[in-house]
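Please keep the model open while reading.

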Amino acid sequence: MTVFKTCLRILRAIPGVFLLPFAVFMGILALLSFQYSYNPEQTSLTFTKATICVIDEDESALSQGLIEYLEKTTDYQGICEADYSDKVFYNFLDGALIIPKGYQENFNSNRLPVSALVYPGSTLSVMLEETVSSYLEGYRIYNKADLNVSNLQILEWIKADTDNTTKVEVLAGSGAADPREALAGMFSASTYVIIITVVSAIATLLIIFNQTQVKVRADVSGCNTVWVNTQKLLAGLLVGFATWLVCMAILYVLLHDYYATAYVPVILLNSFAMLLSSLGLAFMLGSIIKTPIVLNAFINIFALGGGFLSGSFVPQQFLDPIILLIARFLPQYWNVAANDAIVSANSVGAAWKALSIPLCVQILFGVVFALAGFVISRQKRRAQLV
Amino acid sequence: MRNYIYYRFKTLLGDKMMLFWTLLFPVALALFFSFTLVKVYSTATAFEAIEVAVPQTLDNQSILKAVLPVLEEEDLILVNSTKDLESAKTQLQDGEISAIIQETDGIVMTVKSSTSDSTILKMIFDQITQKTSMLERIFSQKPELAATDFINEAYTVETYTTQIKDDNMSFSVIYFYSLMAMEILYGIQWGVKSTYYLQAQRSPAALRTNIAPMSRLKLVLIDIGVVFVITAVEVLLLYLFIRYPLNISFGNQVFWVIAASLAALFTAIALGYFISVYLKGEERHKEGLATAITLTFSFSCGMQYPGLKYLVGRYLPWFATINPAYLLTDSYYTLYYGKAISIVEKNIMITLAIGVIAAILAAIRLRGDQYDSL
């Protein structure tokens, strides 16, 4: 097993091939954890709250009442700091409200609007408008009714009225936190690290062994060519599986709370199919590309570009249909599509069914890549013999 | 001298991989960003009317009968035509609608999970529920109002907020600004690369250069000039690509965009020279350090997560001050947002100061290189 051991020695000499993608992967997981919120303790509905701050220029009973209401109904951050517009721009705040001076005084005639700095046209801006409206509508209606009561009495009534809420029911079988979306999102992002690590490691090995001097030495040695190639294949497969297992171990350590779902085996199998595609691609690129530097450039574009186009980093629903059409020619697309299908499946059986086609396509990609690599390397060998 | 300039260009541009990483890779990244992130930040948060089902026939006394048309008119909700409860449940389960709304003893909303849509719906219907209790209180105090048009007036929703209009606001621009910053920081790599051909002990080409009958100062200045031209052309090409085909705005003050970019470019090259002449060891270690600095600086100015730029500025202001990439993206952001030019001027001054210090230190070291006399 000299060749096999040499392969492993070569890989030990290039730790950057493994360490850099894994470091990037950890970074991506950390960033995605902001996007996906999952609380395994959650057993009932919890509604989103807009994160806001307020500038109260009026300082009236009405503005104080509104702020008290906002404290109850939003993720209220207090009085806005000087850099509140930056905070809104960078999404650290969903909005900032400015209650103008003289607001209560002019409420019934020449009413001044409450200014809201929000991300233009965003869902949270609508949420914020509705929250403010909930409180101030009460003030308008009581004033309109002209009940001859004090301002403070009206504010007390509004406080009591806003405790009345709509009855919310949860559809049977829903409601508790579902980790599938978060899990699938993280696994979709892992396609990047699987491809880049597996392909870089295995293809680099093949490229080194394909160098004329190394190849000539192997050819004149007493080893059978088939046995040499088998050892290279075994080393490649070992590296591939080991990389995948490390990737899965990282995901498990970081996300073990998310694994409390019967859909995990389906997601894992989908990820394994990605490994098979990557192995095929590695064998093909190892046969075509002549230097590790060119391989590094190509695989970075393929893994990163494919990840962007296929929806590994942003959900496919936000991608242009033309982009998605192009992405169909990439294995990552099918992996992400399968993960999305698993998220929306109503049962584990439906998830297995949804996985079938993407799984086959990913394996097919692997087979086609590997066959292409085999044909190319055979042709090269023949050309050398001639 | 002309020959020397020609060969410096030829040597540096001969490194195809360097050109790939410093030009084609950023262009490809910009393209990927525009395919995905721009669309995400322009549509992911945009509000669309929320589709609901009302699987019951509403009589004239019903509150929903009165309010649903108003809500539809305001584009807050979209009521679909399903009248069968089981079909509506299937639609909700499949994610085709966001909620089922029914009116029995009061308004009841059925949802699948807590999303921003279901939160907004809850707010809307909470408001209606609150108005109902409000009207009960008002009519108990002043019954004569029940006979008037007061109910309709109560259910008419007025607008209380006005959005501070800022159509420029686009989170995605930070990705492109940090990409430009990364491109400019590649000047560090070029600086490292350039000294490889300048210090006699480091390469045969540098050895030949040093025995050429030309003053040391002239050699160094030509070298810096060539590197500056190559990197400036790369930056310009990326800027034009981002600005025009991808249509990413940098504000209207092109002069300041160029000034900030050139200052950062000078500093990046100077840092490259500084690292290369002071760090001992193999070339790959110097290149590795240059890459690590480039990536760390780009990361901290929001390349992977734009919010990080804000966090660094707020919690690590000293790091923001010594990071040319941060200062540059801050200048771009300031120009895009139309804020005070004084911020840009200050950023340029700090960037240039870092660059000048690095350049002077590198020059001292280069000047001190002594070789055996022929």
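## A strand pair between chains

In which sense do strand β5 of chain A and β4(B) pair, and over how many bridges? The model is predicted. In it, β5 of chain A (residues 167–170) and β4(B) run in the parallel sense, joined over four bridges. One pairing can be named: A:Glu169 has B:Thr110 of β4(B) as its bridge partner.

## The side of chain B that touches chain A

Contacts link 64 residues of chain B with 66 residues of chain A. On the chain B side, the elements that give two or more residues are α2 (16–43), α4 (85–93), β4 (107–111), α5 (116–141), α6 (150–155), β5 (161–163) and α12 (307–315). Of these, α5(B) gives the most, with 17 residues. By class, this side of chain B has 31 nonpolar, 21 polar and 12 charged residues.

## Helices α7 and α11 of chain B

Within chain B, helix α7 (residues 173–196) packs with helix α11 (residues 283–300): their axes come within 9 Å and cross at roughly 165°. An angle over 145 degrees counts as roughly antiparallel, and α7(B) and α11(B) are therefore roughly antiparallel to each other. Their crossing is right-handed.

Which residues of α7(B) meet α11(B)? Among them are B:Ser178, B:Ala181, B:Leu185, B:Ile188, B:Val192 and B:Tyr196. The residues in α11(B) include B:Glu283, B:Lys286, B:Ala290, B:Ile293 and B:Phe297. By class, the contact of α7(B) with α11(B) has 10 nonpolar, four polar and three charged residues.

Technical notes: Residues are numbered from 1 along each chain as its sequence is written. Chains are lettered from A and ligands numbered from 1 in the order in which they are written. This is a predicted model: local features need pLDDT of at least 70, side-chain atom pairs count only at pLDDT 80 or more; totals for chains, interfaces and linings use all residues. Axes are lines fitted to C-alpha atoms, for helices over the stretch in contact, and angles run from 0 to 180 degrees between N-to-C directions. Angles under 35 degrees count as roughly parallel, over 145 as roughly antiparallel, 65 to 115 as roughly perpendicular and the rest as oblique. A crossing is left-handed if the near helix is turned anticlockwise from the far one by less than a right angle, and right-handed if clockwise. Two residues are in contact if their C-beta atoms, placed from the backbone, lie within 7 Å. Ala, Val, Leu, Ile, Met, Phe, Trp, Tyr, Cys and Pro count as nonpolar, Asp, Glu, Lys and Arg as charged, and the others, Gly among them, as polar. Two strands pair if DSSP finds at least two bridges between them.
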